[in-house]
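Student: I am new to this structure and would like a close look at a single part of it. Please start with one residue and then go on to other parts.

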Amino acid sequence: MRSPVYWLLVVGLISLSLTDPASSQTRRERDVERTIEAGIAAFSDQLYDAAVRFFEQAARRTRSDEQRLEAELWTLRALYQLGRYEDMDALLEDDDAVLSDSGHSHLHRFWRAHADYGRGDYESVLVILAQIDSSALTVRDAGQRLRMFGRAYAGLAQHESAIASFRQFDRHYPGAAETPDNLLDWASSLIDLDRETEAESVLDRLITDHADSAPAQTARLWRAYLHVHEGEYTEAEVLLEDLTAREPRPSNSAAEAAYLLARIEEARGHMDAALSALETGQAAALDRATRYRGVILQARLFVRQQDWEEGLRLLKQAVAAMPGHPIAAKAQLVIGEVLLDQDRHQEALVAYTDYLEAFEDPAGRSKAWLGRAWSLLGLRRPLEAAAAFEKAYQLSPGAIQREQALFKVADAYFASQQYGRAREEYLLLTQVFPGSDLIPMALFQAAESLARQRRVAEAVQEFRSLEDAFSDSHFAEQAAMRVAGLHEELGEWDRAITAYNRLMRGYPESDKLADAMHRRGMIRYRLGLFEEALSDFVAVVEQYPDHRSAEQAYYMRGWCLYLLGQNQEALDVSEAFIQRHPKSRWVPDVQYWLAAYHYNQGMYEEAESRFADIYAADPEGVFADESLYWAGRSAMAREQYLAAMDYFNQLVGRYPDSPTLPEVRFAQGDTLSQLGEFAGAILAFEEIIRRYPDHALVDLAWGRKGDCQFTLGNDNMQRYREALNSYRVVLESETASALIQLQAQYKSGRSLEKLGDREAALDHYLQVVYDYVNHRPLRSQEGTLWFTRAAFMAAGLKEASGDVAGAIRILQRVVDSNVAAAPDALHRIERLQQAVADG
């Protein structure tokens, strides 16, 4: 709001008449001039409605474009003071108005910007102001244009740009009447950016250089707030005393001072005094808005004292007392915040929805959409939350709020398992906010989204890139850990160990060292590297005894000792574990130990008995279903297949939801195969395929189904074709391991050979040979088995077809690979060469 002095000064800058009124003005012109003067006087007395009537009367009566322009400009000023922005629009859009003339386009735009600023359309203000040639304006209007730039930027929370405008005004218009207001606006933007030290400097300058101005009084109040924020309560009290002793006092200064004193008393722990100060402030308030602002502060104080219901009662009172008012809007938002903080998500959702239905303030609606989104997340409705976060992102005025909202959009999609969409939003954040502190986290989550989509190779690459690009961030360690974890999840044990080693070398101070060491130990354990695994577990227990991994590491020590043949030591460690961690979740595992020990020692009868006893002692226990399963496996190992089927059938009947069912069905299939019931075995494997399509055993089930079909091919050639189809599923699977596919490749060749298609069979055998030779990871014991068999089968086909040289070249692959069958291959080569030599 501009002072009357400002507008009186503007009159002299328009210079609408250069002639002597006494000598040339008509009576009409003099009457119009007096009407304008009356309007200016009413404007000076802040009687803006009356001023508008005077100016509109003058505009209607005059025949002079100069007078009419003057009347139109004054009308716009008065309408602006009244907040009648639609009436300003009507005047600016009136084709009959002098302002509509192209020669006054700079003034037309200048006041259009005022109207848009008044209604809060700050983006439009910036566009319009940029179109105005400042050289066409008076010096004062040019300064006002610059000031309006700053205030519009501030309205959009673009405070850096706002500060630049306020600073430029301060530099180019020293001594201007608006300098105190400009300093106050400048300090406000600095405070919004949390640049409190700079804000204090600007406020101190305002208080010192313009001590008796109204903005200086407001500056004293703000400076007191900053002192309170910094815990400088005495200094704040001194400023408040100075504020109340000076004139002019800002409107409601007594109430505001009391509210600030309440904060001081609360900070000092004087809750009763704080409440008393708030009540004093409410009594001193000159209007309902200021009084109910005190009610909101009082409600917040009750909430901080955990008197939730009293706080909510006062907030609802404020909403009911000030319907449609910004104070009611503030109270409604606080209601949502209080409920959300108490995890009363459904009530919070209703509160934020009520706000959105009642209030139009963009900044408030942004907060309401954000609160609504958090409420929906709390209600486990992530897809709806994503849409609400998106709305908050669109409405948030500040970059920080927008980037946080956008991040939560992505998080909500991630929580709803829409990983592709989540990844798009995470990457969008890195593009829209290239300097954001959230970028490392966003890139981590984008890579994790790939991992959740099973695009593991891409995920690993992105985690590595993140680690390189943000090596000083804690997300670099997390990325390194995740890479290792992904390799581990895929069963890529060597790569996982390498990744864990890399993490431990690269981040020697990381809080993830214990986890990395423990996970490496677990992998080594799985790989049968029990000595190395034991070393890792011992290190975790000794170096990180209080870490969450220490319990399991202690437990795994027993397993490693047992598998290293140090049975007594293993039993001793197990007993010590129970003594040290009696409530550990691993204790049931230790009690399971003896049964497993006998099984692993090949003492299957004893193992079967112990597993059966575990089930019988506690059918609801954590290991009950597994004990039945292993009792069955123990019986299978003893070739007691009927007994094994009894255990498996009992498990299926008693525990229909057991997670071991896929393994049980697989074991049933194997057991039926051993009993020669291949058709029944096929049904068991098909059940795994049908009911557990994402299970790790599915690819193996297809392979075992193919084996059964192959065996039945002795009586029905069609079964070989069925077996071939089963093996083909394994070969085309994206989840089957390379070793399983190597086996399926070999068995496909066997099926084709049975069907008489020797050429196709040869191709499958050769594929096995070349895959093994060209891919080092396949050179395991199992891989070597299929390689050797395939090579000998291929050589046999070549020999049978008369291509002895081809057979020799294939066998030479076996010799060159230096596998266990190499001597046999060399002997066969020599036999073939001798046969050729003998003619």
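In which helix is the place of L731?

Tutor: The model is predicted. L731 lies in helix 40, which covers residues 718–732. Its relative accessibility is 24%, so L731 counts as partly exposed. Not counting residues up to four places away in sequence, L731 touches Q741, A744, Q745, S748 and H764. G713 is 18 residues from L731 in sequence, and the two C-alpha atoms are 21 Å apart in space.

T788 can be described in the same terms. T788 is part of helix 43, residues 781–800. Its relative accessibility is 13%, and because buried means under 20%, T788 counts as buried. The side chain of T788 reaches the backbone oxygen of T784 at 2.7 Å. With neighbours within four places in sequence left aside, T788 is in contact with V819 and A821.

Helix 24 runs over residues 419–432, and its 14 residues should span 20 Å at 1.5 Å a residue; the end C-alpha atoms are 20 Å apart, which agrees. Its buried residues are Y419, A422, R423, E425, Y426, L429 and T430. Seen down the axis of helix 24, these buried residues fall within an arc of 165 degrees, so they line one face of the helix. An α-helix has 3.6 residues a turn, so residues three or four places apart point the same way. The face of helix 24 turned away from the buried side carries E424 and Q431, which are exposed. Among the elements covering the buried residues of helix 24 are helix 22 (382–395), helix 23 (399–415), helix 25 (439–452) and helix 26 (456–469).

Salt bridges are the last topic. The structure holds 55 of these salt bridges. One of them pairs R293 with E256, with the closest N and O atoms 2.1 Å apart. This pair links distant parts of the chain, as R293 is in helix 17 (residues 288–304) and E256 is in helix 15 (residues 253–267), 37 residues apart. R293 counts as partly exposed at 27% relative accessibility, and E256 counts as buried at 15%.

D515 forms a salt bridge with R548, and their closest N and O atoms are 2.4 Å apart. Here D515 sits in helix 29 (residues 513–526), and R548 in the loop between helix 30 (530–543) and helix 31 (550–563). D515 counts as buried at 12% relative accessibility, whereas R548 is exposed, with a relative accessible area of 66%.

Terms used
Residues are numbered from 1 along each chain as its sequence is written. This is a predicted model: local features need pLDDT of at least 70, side-chain atom pairs count only at pLDDT 80 or more; totals for chains, interfaces and linings use all residues. Side-chain values use heavy atoms; hydrogens and water are left out. Helices (H or I, at least four residues) and strands (E, at least two) are DSSP runs, numbered from the N terminus. Buried means under 20% relative accessible area, exposed over 50%, partly exposed in between (1.4 Å probe, protein chains only). A polar contact is a pair of N or O atoms within 3.5 Å; within protein, one must be able to donate a hydrogen and the other to accept it, and residues adjacent in sequence count only if both atoms are side-chain atoms. Contact means heavy atoms within 4.5 Å. The expected span of a helix is 1.5 Å times one less than its number of residues. The arc is that of the directions from the helix axis to the C-beta atoms. A salt bridge is a side-chain nitrogen of Lys or Arg within 4 Å of a carboxyl oxygen of Asp or Glu.
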